Amino acid sequence: MRTNSGGLDSGPSLDLQRFLKTWGTLLGFVFLVVLFSLLRPDAFAQIRNLRNLVEQVATLAIASAGVGMVMVTGDFDLSVGAVASLSGVILASLLVSGVGIAPAILLTVLAGAAIGAVNGLIIAYAGVSPFIGTLAAMTSYTGLALFITRGTTVFGLPAAFRWIGQGRVGPIPTPVVIMVGVVLATWILLDYTTFGQRLYAIGGNRQAAYLAGINTSRARFFAYVYSGVTASISGIVLTSRLFSAHPQAAAPFMLNAAAAVFLGMTAFRDGQPNAFGTVLGVLIMGVLSNGLNIVGVDTYIQSVLTGAILILAVLLSGLSQRSA
Amino acid sequence: MKGAVRIALPLMVLAAAGLPLWAGGASEPEERVEIAVVTPYMASATTAQVINQFQEYGEENGWNIRISDTAGDFGLLVTRIQDMVSQQVDAIVLGMGDPQQMSAGLSAAEEAGVPVFGLDAGFTDGVYLNVTSDNHDLGRQAAEALIDVIGEEGPVVMFTHDPHPGVRARAEGARELFAEYPGIEIVREIHIEVPGPVDFARSVTEDLLTSFSAAGSIAGIWAGWDEPAYGATQAIQRDGRDEIRVVGVDGTDFAKQEIDSAPIFTATIEQDFDGMARLLSNLVRDYLAGETVESREYQIPGTVYR
């Protein structure tokens, strides 16, 4: 079942350790924000830039929410970027062929759910390893997106479609509103429903969860369906943001979403994926990229730094899990 | 449920895999010239365009064209070349990509006597000949188009991708031209990540516009190909910095549409992909007929679209 750090309850050094384990990632995030604010107070610490930043990370955060749900069970979803890209291609093709915006979106989300269901069948019911299964599925979905587009960019979308990825709800960018909705839904599902508790139980000890009467295959199956749905929503928002669809537009999500979940595992809940931790992970990656761009650090060095920070976070996550 | 899925899924996969073979009439083997096209960049709109056109010309010649994409994986590309050599294809066409990263594959082809032709790829030992755009000139022309609209002075940002030899040559051409104008200052050179160059370029441009917020602090953006130019244009439009101008290279349809509809994306340099594909198919045909070629490197000029 769910674990916590309740066993570490004596002495100031252990209190500090527990504090750092729970809040260290958040402190790291705050440190980055303060650092870049000091380095470029005229540019980084401005409302306009913060709005840019959350808008930039919104698509990744939406996709990561679903990946996080899969990872709660101890599984993995490498196909998320391919599903998001394929969803964008499906949506854009529907729009270009004259289908209305609302039905095209609905069909795309249904396609995302169906793709997630295929992943769920392969992994939860057919017993294929999540790593191999989603890697293979990713290859097929990428091939399908390339086949549909013949490798080209789909453009010429209806003007009204811009609102989803480039519009505003009051002062807030629409992608951020959608991101908040998806994250809240994920949080409620994980923390306040029996389904979420079952997912954590499966992630804690699948055999014990099974013996306790949980239908582990069904729960894992629905986690993949959810990941397919969030990936397709992410693909829809990305397609609107770029006002075009490309068969590999969301390919970087494959690693970035998993990295965000890993980063988030070190926050709020000892060594376990959680909705707000994942958002924090996405924000850390976004702040790093945005801040380093604004400061003017070479793009290659940015990759070096991002990788190093991810390794650090995963190490911290491992320490956290061992001591929990 | 689990048992049924374990039996049904493999059967469905087998059926799905077998369907194209059956539909394609795999039971009728023919003696046809086999040409393998291997590429790491089929997801790039322009690579897909030139390869698809080559496929059309090849099929008109009665060849069987097999296309293999490794999605940016150069290690796998070497393996694919080796696979094609062991399948004894008549020729291998390398669709873009730096052949210097594929020396093991090229050696295997050379030893087996399978010629490797470059289609907008680089030229090195093991490549029989290469047909490409004059990338250096494409980059120079794009830089000229930018200078035409911003004047002969102002801060310029360059979007590059050095792992691609063609884009690297374009950047070198652009740098050379910018250096001829003392009033032009390259304030940033940014490597654009692939895949996902449109979103990457859009986010980077948003950050740049924050960093260079004063009017006139960026006069223009030179992009090594159209996709990052498109992403940059969207960020500039969103920010209302309409004084900034953007140029790209490739002459893709989406770039032309953007150039026609708004002033920010100013120009793209069209590559003659059709000419490249046609010339290469003629050269491969001549080679297979035992004729000798006049040159080992053919460079096709580009034209400005604005």
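In this predicted model, helix H3 (residues 80–96) of chain A packs against helix H5 (residues 130–149) of chain A at an angle of about 25°, and their axes are 9 Å apart. Axes here are lines fitted to C-alpha atoms, for helices over the stretch in contact, with angles from 0 to 180 degrees between N-to-C directions; helices are DSSP runs (H or I, at least four residues), numbered from the N terminus. The angle therefore makes H3(A) roughly parallel to H5(A), a term for angles under 35 degrees.

Which residues in H3(A) meet H5(A)? They are A:Ala82, A:Val83, A:Ser85, A:Leu86, A:Val89 and A:Ser93. Their partners in H5(A) include A:Met138, A:Tyr141 and A:Leu144. Contact requires C-beta atoms, placed from the backbone, to lie within 7 Å. The residues of this contact divide into 9 nonpolar, 4 polar and no charged. Nonpolar covers Ala, Val, Leu, Ile, Met, Phe, Trp, Tyr, Cys and Pro; charged covers Asp, Glu, Lys and Arg; the others, Gly among them, are polar.

I turn to the two chains. In chain A, 36 residues are in contact with 32 residues of chain B. On the chain A side, H2(A) supplies the largest share, 4 residues. That side divides into 17 nonpolar, 17 polar and 2 charged residues.

Just after H4(A), A:Gly127 takes a positive phi of about 80°.

Finally, a note on conventions. Residues are numbered from 1 along each chain as its sequence is written, and chains are lettered from A and ligands numbered from 1 in the order in which they are written. As the model is predicted, local features need pLDDT of at least 70 and side-chain atom pairs count only at pLDDT 80 or more, while totals for chains, interfaces and linings use all residues.

Conventions. Helices (H or I, at least four residues) and strands (E, at least two) are DSSP runs, numbered from the N terminus. Angles under 35 degrees count as roughly parallel, over 145 as roughly antiparallel, 65 to 115 as roughly perpendicular and the rest as oblique. Two residues are in contact if their C-beta atoms, placed from the backbone, lie within 7 Å.
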